[in-house]
Amino acid sequence: MKSINITMVRGDTLSFGVELEGLNQDLESAYFSCKQEPNDSTYTFQKSLGNGITKAETNKYRIRVAPEDTKNIDIGNYYYDFEIGVNSDVFTILKGLLTVEQDITT
């Protein structure tokens, strides 16, 4: 698992790719989950396969957080992780802080 902090502007699109080494099949599940506090019962937003997470090519997936996912949230730090499922196993491959900065142009 890799810990990476991400910074984005509130109400903008965040899009990035993830390459999964040694993967011999498509993912069964994938979730990019974001919460204000790790133990919160509700997500600030969550992306999943077919809803913000798409297969780009063999072993590569694209995660897209749309503007409407963050346009009404408070600026500050949030916690995220990226969890995948394959062969009935579950792996958290990324986690860290998502810093949402103030937008200037609205």
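Me: At what distance from the ring centre of Tyr43 does Lys35 lie over its face?
Reply: The structure is a predicted model. In this model Lys35 is placed over the face of the Tyr43 ring. A charge sits over a ring if NZ of Lys is within 6 Å of the ring centre and within 35 degrees of the ring normal. For Lys35 and Tyr43, the distance from the ring centre is 5.0 Å.

Me: What is the volume of the largest pocket, and which residues are the closest to its centre?
Reply: The largest pocket has a volume of about 220 Å³. It is lined by 13 residues. The closest of them to the pocket centre are Ser33, Lys35, Tyr79, Tyr80 and Asp81.

Me: Which strands each supply at least two residues of the lining of the largest pocket?
Reply: By class, the lining comprises six nonpolar, three polar and four charged residues. The strands that each give at least two residues to this lining are β4 (29-35), β8 (76-86) and β9 (89-101).

Me: Why does the pair of Phe16 and Phe32 count as edge-to-face?
Reply: The structure holds three aromatic pairs. In the pair of Phe16 and Phe32, the ring centres are 5.8 Å apart and the planes stand at 70 degrees. Planes over 60 degrees apart count as edge-to-face. The angle between these two planes is therefore what makes the pair edge-to-face, at 70 degrees.

Me: How many residues apart in sequence are the parts that the pair of Phe16 and Phe32 ties together?
Reply: Phe16 and Phe32 are both buried. Phe16 belongs to strand β3 (residues 14-19) and Phe32 to strand β4, so their pair ties together parts of the chain whose separation in sequence is 16 residues.

Me: Which residues form one aromatic cluster with Phe16 and Phe32?
Reply: Phe16 and Phe32 form a pair of rings. Their cluster has two further members, Phe45 and Tyr80.

Me: Is Phe45 buried or exposed?
Reply: Phe45 is found in strand β5. Leaving aside neighbours within four places in sequence, its contacts are Phe32, Ser33, Cys34, Val65, Asp69, Thr70 and Leu98. Buried means under 20% relative accessible area. Because its relative accessibility is 5%, Phe45 counts as buried.

Me: Which residues does Ser48 touch, not counting residues up to four places away in sequence?
Reply: Ser48 lies in strand β5 (residues 45-49). Its relative accessibility is 18%, so Ser48 counts as buried. Beyond four places in sequence, the residues that Ser48 touches are Ala30, Tyr31 and Ile53.

Me: What separates the C-alpha atoms of Ile6 and Tyr80?
Reply: Ile6 is found in strand β2 (residues 6-9), and at 13% relative accessibility it counts as buried. Not counting residues up to four places away in sequence, Ile6 touches Leu14, Phe16, Tyr80, Leu97, Leu98 and Thr99. Ile6 and Tyr80 are 74 residues apart along the chain, and their C-alpha atoms are separated by 9.3 Å.

Me: With which residues is Gly11 in contact, leaving aside its neighbours within four places in sequence?
Reply: Gly11 lies in the loop between β2 and β3, and its relative accessible area of 23% makes it partly exposed. The C-alpha atoms of Gly11 and Ala66 are separated by 7.8 Å, although the two residues are 55 residues apart along the chain. Leaving aside neighbours within four places in sequence, the contacts of Gly11 are Pro67, Thr70 and Lys71.

Me: How does Thr44 count at 25% relative accessibility: buried, partly exposed or exposed?
Reply: Thr44 is in the loop between β4 and β5. Residues up to four places away aside, it touches Cys34, Lys35, Gln36, Ile73 and Tyr78. Buried means under 20% relative accessible area and exposed over 50%. The 25% of Thr44 lies in between, so this residue counts as partly exposed.

Me: What is the phi of Asn59?
Reply: Most residues other than glycine have a negative phi. Asn59 lies in the loop between β6 (52-57) and β7 (60-65). Although Asn59 is not a glycine, its phi is positive, at about 65 degrees.

Me: In which loop does Ser88 lie?
Reply: Ser88 is a residue other than glycine with a positive phi, near 65 degrees. Its relative accessible area is 69%, so Ser88 is exposed. The loop that holds Ser88 is the one between β8 and β9.

How values were computed: Residues are numbered from 1 along each chain as its sequence is written. This is a predicted model: local features need pLDDT of at least 70, side-chain atom pairs count only at pLDDT 80 or more; totals for chains, interfaces and linings use all residues. Side-chain values use heavy atoms; hydrogens and water are left out. On a 1 Å grid over the protein atoms alone, a cavity is a set of points where a 1.4 Å probe fits but cannot get out, and a pocket is an open set with protein on both sides within 12 Å along at least five of seven lines; lining residues have an atom within 4 Å of a point. Grid points are joined across faces, edges and corners, and a volume is the space filled by probe spheres set on the points. Helices (H or I, at least four residues) and strands (E, at least two) are DSSP runs, numbered from the N terminus. Ala, Val, Leu, Ile, Met, Phe, Trp, Tyr, Cys and Pro count as nonpolar, Asp, Glu, Lys and Arg as charged, and the others, Gly among them, as polar. Rings of Phe, Tyr and Trp (its six-membered ring) pair if their centres lie within 6.5 Å; planes under 30 degrees apart count as stacked, over 60 as edge-to-face and the rest as tilted. Buried means under 20% relative accessible area, exposed over 50%, partly exposed in between (1.4 Å probe, protein chains only). Contact means heavy atoms within 4.5 Å.
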